[in-house]
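I set out to record, entry by entry, what I looked up in this structure.

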Amino acid sequence: MSEGMGLTLRVWRQKNARDRGKLVTYRATYISPDMSFLEMLDVVNEGLALKGEDPIAFDSDCREGICGACGLVINGVAHGPGKGTTTCQLYMRSFKDGDTISIEPWRAAAFPVVKDLVVDRSAFDRITQAGGYISVNTGSAPDGNAILISQETAEEAMDAAACIGCGACVASCKNASAMLFVAAKVKHLGILPQGQPERRRRVLAMLEAAQAEGFGDCSNEYECEAVCPKQISVSHIAFLNREYLKSTLKK
Amino acid sequence: MALDGRIPGGPLEQKWDKHRFELKLINPANKRKHRIIVVGTGLAGASAAASLGELGYNILSFCIQDSPRRAHSIAAQGGINAAKNYQNDGDSVFRLFYDTVKGGDYRSREANVYRLAQISNNIIDQCVAQGGPFAREYGGSLANRSFGGAQVSRTFYARGQTGQQLLLGAYSALMRQVEAGRVTLFPRREMLELVLVDGCARGIVVRNLVSGQIESHAADAVILATGGYGNAFFLSTNAKACNVTATWRAHRKGALFANPCFTQIHPTCIPVSGSHQSKLTLMSESLRNDGRVWVPQKPGDRRPPEHIPEDERDYYLERRYPTFGNLVPRDVASRSAKDACDEGRGVGPTHLAVYLDFRDAIARDGEEVIRQRYGNLFQMYEEITGEDPYKTPMRIYPAVHYTMGGLWVDYDLMSNVPGLFVLGEANFSDHGANRLGASALMQGLADGYFIVPYTIGGYLVSSQKKTETDHPAFKAAEKEAAGRIDRLLAVNGRRTVDDFHRQLGMLLWDGCGMARNAAGLQKAREKVAEVREEFWRNVTVTGSCGELNQALERAGRVADFMEFADLMIHDALMRDESCGAHFREEHQTEDGEPLRDDENFCHVAAYEFNGVGVSPTLHKEPLVYENVSLSQRSYK
């Protein structure tokens, strides 16, 4: 295997938001199993650039699984075959010589394609803007230890707060629902004492914003949890639903 | 030019209070009449934009990512320091100040560092109030852990994702101000020029990375919070998009660049596996709390780690530094790893690695406890290397991580260009020649939440003139930016941008990396000039300006790294001493410790741009120590 793997890639190419787009076939050669998936695409892009062809556009930044910038649908699965990993943390040892790999962008009405594999996820920012925070001005906080929080609650909040906002949950859902994204934030802030004053308002505002952006409803397929790189549990969606119900009744 | 840090007089502990009282205030009703540009949405930029928005200013916030939440602060793992002394282990504001000055090898400003230590406690309170899910003790109080360069436990953390949780806190505060109408977001914008009017910073020119359009934005002041320049080395722990362009463009317009040779090489990163490598991944320094660093005693010992008996292992940090052991500062740990590998005792397939072993910690505390502390880091290591660190020791090697140098700023965090403020890693101010772990998050948030919101008011009071983008200075800057893009697209050569970037990175790593000497620096400087010349003759950039064009984005950044690299090497040559991360081989003690020259180099070296390839003018700001006495750092 010193010469590395040879792969056939079927990659979504789309010049811009108005272009129709299509799958284009490329060969990737001399691919080492120690390369990350994105490094494999870097190699392909170097080859395209030297031929004067337009390299494949894709988002990535930290390349260590935390910024949430990367996200490709690989062989039909958001972030590909690795469990609990982002695309950048997927390594080519997950594939074998001769494989054909299809590579597509997130597909959702609320995430329009910008170019090739790059999509516009600003809808997530607008959901957060609607209420995904605790309203506390700089300088008005009490001493950190004035608020005691049990280790259990802190851990549970952290489980939900681990969301990186990549959008794989939306991409994997047949309804393109953003419920896991919303639920993670509602849970993180909703179980902490600091989050109580705005608890009701937050859930209503975020869900309303999600709907306005064109994300669908949840129909309990659990696909989101299966692809979530941070393995955020769908149980948060059950929490969200209860919160929503209580908040509507108390409105 | 006389470099005046404008440090307030009076006793150290009263300087900041006194200065805050003396700064002129702006009437709340008048704040909304002031527009401020903030470039960058990491911890410093997002916290500044949010806090200034809360005060009522009108903020324009720019970032290169698709969302402000993705700035590279998000990748900080280990934690954030504060002088809370919750552990009752003898911590205090003065001790945090002292550790930071000492850790920086006496090349930072006393007054700035003391203020940082004072503010550190407010930061924790603020982040908790925002809902930051910090680790807790069973009783519900905040938990702490130890970090390198300190003997007290003062680091607050949220698993291995502290940067993420702090950034999401600052991001949510920012989005709250967007909702309130006080902040306007401009994502996917890259700053290409700083615009000066009558010598003051009055705006920026950016490229819209989606449409390719060149846009002008005017304001009463400009804040740069655009991070460090570690990606000059190509391989670093920085995110791919991290770059020097914003600060370099400001430097070209007159802002002084301070201490550019101070680059931190982080000791615990996953080693390079091949030439395809696009970045290096850090393993949090917090791992050194429980992991023991070792190499085989004998050079060339190729046995797998489990076959090397205890008495044939060299736990070299514990041996050389019995007091601090595995928790020595980063520069010391990195150089020791390099020494071990230079002696032929490196491990792994490339022999450029040392072991970080958790065997004893697992035996002592059980696998479950270790999993709780470092679970996500262990998982990340396994994903990247295919090896299970619960069973076999991690292999680690130093990598470029953080840059202590940056644009020169005064006590108000304003550069020598009036109206240009610089925060976080982008400035030079607080870490001297070496940054201690868990201090970057502290500094970014101190600058953004608690310093610039006060100090910028003092500037705005005295500068009431308004500028709009119809001023000819904007047209000129737009022309400059567009001209440069046209030149990049017109070269039409035969080598890719990444190919050049990799070559530049190797030159810097070899000549201006963990250890430097005059001959190597001279050689690197000549080589960099050659590569830069070839770049503008032989680079290929596909596509056009009027579209999303990632090759073009990278080309612009690499072009600036090529110019910046010359300044970095120049500074490393000029600083003819060893201090902190800057290790000049000519200056070391008999046992290989860095040897400072306080008589000649106890100053900030700030450079003025005179043209590409032309020697810059050096301006010195002497460093005066009134509260700590300079000593040879010792962690033995």
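**Entry 1: Domains of chain B**

I looked up the domain assignment of chain B, which gives domain 1 (12–261 + 404–462), domain 2 (265–400) and domain 3 (472–603); such bounds come from an automatic or database domain assignment. I noted that this is a predicted model, in which local features need pLDDT of at least 70 and side-chain atom pairs count only at pLDDT 80 or more, while totals for chains, interfaces and linings use all residues. Residues are numbered from 1 along each chain as its sequence is written, and chains are lettered from A and ligands numbered from 1 in the order in which they are written.

I then turned to domain 1 and domain 2 of chain B, whose C-alpha centres lie 31 Å apart. Between them, 21 residues of domain 1 of chain B are in contact with 25 residues of domain 2 of chain B; two residues are in contact if their C-beta atoms, placed from the backbone, lie within 7 Å. The side of domain 1 of chain B that touches domain 2 of chain B consists of four nonpolar, 14 polar and three charged residues. Here Ala, Val, Leu, Ile, Met, Phe, Trp, Tyr, Cys and Pro count as nonpolar, Asp, Glu, Lys and Arg as charged, and the others, Gly among them, as polar.

**Entry 2: Chain B as a whole**

I found 17 helices and 21 strands in chain B. Helices (H or I, at least four residues) and strands (E, at least two) are DSSP runs, numbered from the N terminus. The C-alpha trace of chain B spans about 75 × 60 × 50 Å along its principal axes.

I asked what radius of gyration chain B has.

Of the 636 residues of chain B, 60% count as buried. A residue is buried if 20 or more other C-beta atoms lie within 10 Å of its own, exposed if 12 or fewer, and partly exposed in between, with C-beta atoms placed from the backbone. Among contacts in chain B between residues at least 6 apart in sequence, 74% join residues at least 24 apart.

**Entry 3: Strands of chain B**

I traced an open sheet of five strands in chain B, in the order S5-S2-S1-S9-S17, with parallel pairing. Two strands pair if DSSP finds at least two bridges between them. Strand S5 (183–186) and strand S17 (420–422) of chain B stand at the edges with a single partner strand each, so one side of each is left without a neighbour in the sheet. Within the sheet, four bridges join strand S1 (residues 35–39) and strand S9 (residues 221–224) of chain B in the parallel sense. I noted that B:Val38 has B:Ile223 in S9(B) as its bridge partner.

I next looked at strand S11 (residues 263–269) of chain B, where seven of its seven residues are buried. S11(B) runs antiparallel to strand S15 (residues 394–403) of chain B, and five bridges join them. B:Ile265 stands opposite B:Val400 in S15(B).

**Entry 4: One loop residue**

I located B:Thr323 in the loop between helix H8 (316–320) and helix H9 (330–342) of chain B. Is B:Thr323 buried or exposed? B:Thr323 is exposed, because 10 other C-beta atoms lie within 10 Å. Leaving aside neighbours within four places in sequence, B:Thr323 is in contact with B:Tyr635 and B:Lys636. The C-alpha atoms of B:Thr323 and B:Gln151 are separated by 9.3 Å, although these residues are 172 residues apart along the chain.

I found eight helices and seven strands in chain A. Of the 251 residues of chain A, 54% count as buried. The domain assignment of chain A gives domain 1 (5–115) and domain 2 (121–249), with 29 Å between their C-alpha centres.

Lastly, I looked up where the chains touch: 69 residues of chain A are in contact with 65 residues of chain B. H1(A) gives the largest share of the side of chain A that touches chain B, namely seven residues. By class, that side of chain A has 31 nonpolar, 23 polar and 15 charged residues.

Notes: Rg over C-alpha atoms; globule rule 2.2 N^0.38 Å.
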